[in-house]
Amino acid sequence: MDHYADDLAALTAHLDLTEAVHVGHSTGGGEVVHYLARHGESRVAKAVIISAVPPLMVKTAANPGGLPKEVFDGFQAQLAANRAQFYYDVPAGPFYGYNRHGAKPSQGVIWNWWRQGMMGGAKAHYDGIVAFSQTDFTEDLKKITVPVLVMHGDDDQIVPYADSAPLSAKLLRNSTLKTYKGFPHGMPTTEADTISADLLTFVKGAAITASA
């Protein structure tokens with residue numbers, strides 16, 4: 001996660017970005033949080049974390065609501081055994097909620113997720129499971145002072161809602177929690193009209209209602 005944050009810092013410095021609004025989905029939400037805490041807020045106006053992994057995904061004594069480490073060990077085992085199949089099964093099932101009764105899977109969306117996954121490096125993907133599941137962002141969240149919009153669906157099967165978004169919102173100094181009833185982890189894709197509209201509202205500085 002340090003590497004992710006440092007890459008982002010190098011990019012923002014190279015582009016000389018100021019008053020930026022950083023939007024991170026899933027692991028990217030953790031990256032945004034760690035970037036702000038590690039590199040400061042001098043270039044940042046606001047942030048948005050969507051279906052994001054903070055504060056901590058794995059179950060520990062201090063985080064009893066987290067998922068057992070065996071869950072993530074299983075992800076690594078599946079990835080190592082047959083990465084191509086794993087990268088089809090995830091979007092075809094829980095990522096977009098396509099395994100829910102009445103869902104209408106989009107093969108284009110599924111195969112595009114697969115395409116993006118297969119373009120990455122297997123070792124990086126294997127290690128990345130540890131990065132997103134075992135990084136504790138608690139202290140990072142406490143350091144952030146810029147306004148942060150926390151967006152999460154309550155039917156997220158990848159990053160369970162109860163142990164993520166509400167806890168992050170409480171740790172942040174200046175947060176707005178927006179909960180979406182029935183939305184999946186991949187809601188920026190499956191519910192793009194709703195998510196994009198709320199993002200634009202937040203960027204423009206208008207008030208965001210607490211739930212949807």
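**Close-up views of selected salt bridges**

**View A. Arginine 38 pairs with aspartate 2.** At 42% relative accessibility, arginine 38 counts as partly exposed; this class lies between buried, under 20% relative accessible area, and exposed, over 50% (1.4 Å probe, protein chains only). The model is predicted, so that local features need pLDDT of at least 70 and side-chain atom pairs pLDDT 80 or more, while totals for chains, interfaces and linings use all residues. Residues are numbered from 1 along each chain as its sequence is written, and side-chain values use heavy atoms, without hydrogens or water. Arginine 38 forms a salt bridge with aspartate 2, with the closest N and O atoms 3.4 Å apart. The pair joins distant parts of the chain, helix α2 and helix α1, 36 residues apart. Helices (H or I, at least four residues) and strands (E, at least two) are DSSP runs, numbered from the N terminus. A salt bridge requires a side-chain nitrogen of Lys or Arg within 4 Å of a carboxyl oxygen of Asp or Glu. Aspartate 2 is partly exposed, at 38% relative accessibility. Asp2, Asp6 and Arg38 together form a network of salt bridges.

**View B. Aspartate 16 pairs with arginine 43.** In this salt bridge, the closest N and O atoms are 3.1 Å apart. Because aspartate 16 lies in the loop between α1 and β1 and arginine 43 in the loop between α2 and β2 (44-50), the pair ties together parts 27 residues apart in sequence. Aspartate 16 is exposed, at 52% relative accessibility, whereas arginine 43, at 23%, is partly exposed.

**View C. Aspartate 155 pairs with arginine 100.** The closest N and O atoms of this salt bridge are 2.7 Å apart. Aspartate 155 belongs to the loop between β3 (148-153) and α8 (165-171), and arginine 100 to the loop between α4 and α5, 55 residues apart.
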